Amino acid sequence: MLKTCAELSLDEIEQEVDGHLRDRRVGGALDAIRDAVDTVINHPRSVARVYASFRLDRLCERVALAVPEIMPAPVSHTGQGGGTVIVATELAAAGGHVEVIKDLIRLGDIPQPIDLFLTNNFERIDASTQQGHAALIGVPLGIAAGQGSGERLDSTMAFLRERRPDTLVLLVHNQDATGIVAGLACGARKVVFVHHGDHHLSLGVTCPSMVHVDLSNFAFCNCRQALGLTNNVFWPLTLSSTKAHRHGGAFMAEGHAVTCCVGRPEKFDDPRYRYQYLDLLGPMLRATGGRHLHIGQLSAGQLERIGQSLASHGVDGSRFTHLPWVDSVSRALIEQGVDLYMTSFPYGGGKAQVEAMATGLPVLIHQNYRSRFLSGIDLGYPGVLTWRDDKELGRVLQALTPELLSSHGQAARAHFERHHSEAALRRAMRASATSEQDVPALAVVHEDGLQAFLEDEDLFKVAVLDGRESNEEIAHLRQILAHQEAEMRVLRKKARFLGGVRYKLTTMLKS
């Protein structure tokens with residue numbers, strides 16, 4: 001049962017993990033670690049504030065040390081050995097996580113052959129769907145079997161012991177303790193931890209036995225400077241050269257700007273955030289006079305809100321196009337005649353932004369007032385277009401011209417070629433270390449934390465009120481319980497009395 005953050009205690013988690021290991025219940029130990037991370041990452045105040053836990057990582061290492069005894073390896077191996085196994089939690093039809101896997105496989109700079117293995121940490125994947133995703137990637141796929149974390153770790157370790165890879169690449173979800181422990185216990189010559197869930201608490205961030213890879217300059221600098229990692233390396237996000245097409249220079253060919261956003265529903269829908277994408281689309285289209293394209297799944301409720309925003313601002317619904325899925329973001333941007341790529345907000349997406357720059361598209365980034373890490377501004381080219389509030393957004397969109405867009409498009413493509421090309425990624429992967437000079441410079445951002453502070457205060461107020469309501473409910477339930485216990489005491493007395501009367505009557509009848 002998940003606890004609240006207020007109920008979490010690292011000491012108690014450690015005691016629970018140790019207790020499970022003493023009883024040889026590896027699954028219980030894994031669940032205790034996973035549930036703690038789940039609790040934290042689902043708390044909105046932890047986002048872009050809590051990135052790693054030395055103590056939870058040490059617990060993962062402790063579980064890994066116990067694996068050889070509790071889950072001993074077979075005497076003989078028949079697997080081929082060598083090559084690489086990429087371990088992930090699950091695959092999705094779209095998203096930067098899967099695209100990174102595709103890039104690593106496509107570039108061929110990791111030992112061959114390559115297998116993909118899924119831990120199924122959340123016990124929700126459909127095997128046939130996952131096999132379909134893997135077929136598109138072009139690698140063999142294995143999936144952990146069994147019920148519960150212990151059985152899935154046993155299945156994962158059996159696969160890795162049979163496969164005996166030279167290199168193991170971990171691309172697991174933040175809370176996937178099974179994947180992290182398997183990486184620590186597998187015995188591969190090289191274990192690479194790809195730190196892709198870099199806005200939230202992630203397991204494995206501080207494990208020194210693994211090669212720590214950051215996929216963005218801001219994650220690299222945060223891990224190096226704030227978390228004190230000294231050996232983390234930087235592998236830039238990239239794009240296949242076969243998909244990278246230049247825009248051609250004809251901006252605003254329709255007479256008005258065509259804008260586009262890309263991302264999953266949760267990147268846009270945070271009810272506490274002041275600026276709501278779903279509600280701003282009407283004002284945005286009024287400002288541009290053009291069209292807007294959204295690539296990515298949206299719920300029926302989200303589409304309804306967009307429709308309401310358009311209608312309330314007098315914008316014809318035909319000026320909004322929704323593409324739930326595309327096989328190539330960069331190609332869709334070109335085919336749809338997009339003039340300006342707008343990063344998702346409040347939560348930015350790195351991979352799609354890189355694809356936009358690869359096509360030579362200008363980028364407009366929202367400066368998230370909670371944290372620079374949430375906006376993706378550091379991935380942008382020097383002088384990238386930005387906005388802080390809805391008024392500034394309107395001014396930027398109204399001021400767009402073909403000349404301005406062309407200038408920014410050239411800067412975007414140049415930035416991609418220098419820092420995110422396939423050649424740049426290959427150089428980074430082949431380098432023995434990364435210095436801070438090897439990483440693109442961070443943007444100059446002047447933060448104003450007042451709005452974030454006010455939201456925190458409001459959240460705290462709600463939590464206090466919820467706590468009061470919970471306390472009142474608990475007190476009410478205790479009153480009911482006390483009343484029921486009193487009734488039970490009366491009933492017991494009546495039962496004893498009736499039992500005595502029955503005994504006397506039975507004795508009299510027998511005599």
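I looked up Arg34 and its contacts (heavy atoms within 4.5 Å). Arg34 touches Asn121, Ser149, Arg152, Gln175 and Ala177, leaving out residues up to four places away in sequence. I placed Arg34 in helix H2, residues 26-41. Helices here are DSSP runs of H or I with at least four residues, strands are runs of E with at least two, and both are numbered from the N terminus. Arg34 counts as buried because its relative accessibility is 16%; buried means under 20% relative accessible area, exposed over 50%, partly exposed in between, with a 1.4 Å probe and protein chains only.

This is a predicted model: local features need pLDDT of at least 70, side-chain atom pairs count only at pLDDT 80 or more, and totals for chains, interfaces and linings use all residues. Residues are numbered from 1 along each chain as its sequence is written, and side-chain values use heavy atoms, without hydrogens and water.

Next I checked the sheet. It is open, with 7 strands in parallel pairing, ordered E3-E2-E1-E4-E5-E6-E7. Strands E3 (141-143) and E7 (233-234) are the edges, each pairing on one side only. Pairing requires at least two DSSP bridges between two strands. E1 (84-88) and E2 (114-118) pair over 5 bridges. I noted Asp115 in E2 as the bridge partner of Val85.

Then I turned to helix H6 (148-163). H6 lies across E1, E2, E3 and E4 (167-171), at about 170 degrees to E2. Angles run from 0 to 180 degrees between N-to-C directions, with axes fitted to C-alpha atoms, for helices over the stretch in contact.

Last entry: Phe453 sits in helix H16, residues 450-510. Phe453 counts as partly exposed because its relative accessibility is 45%.
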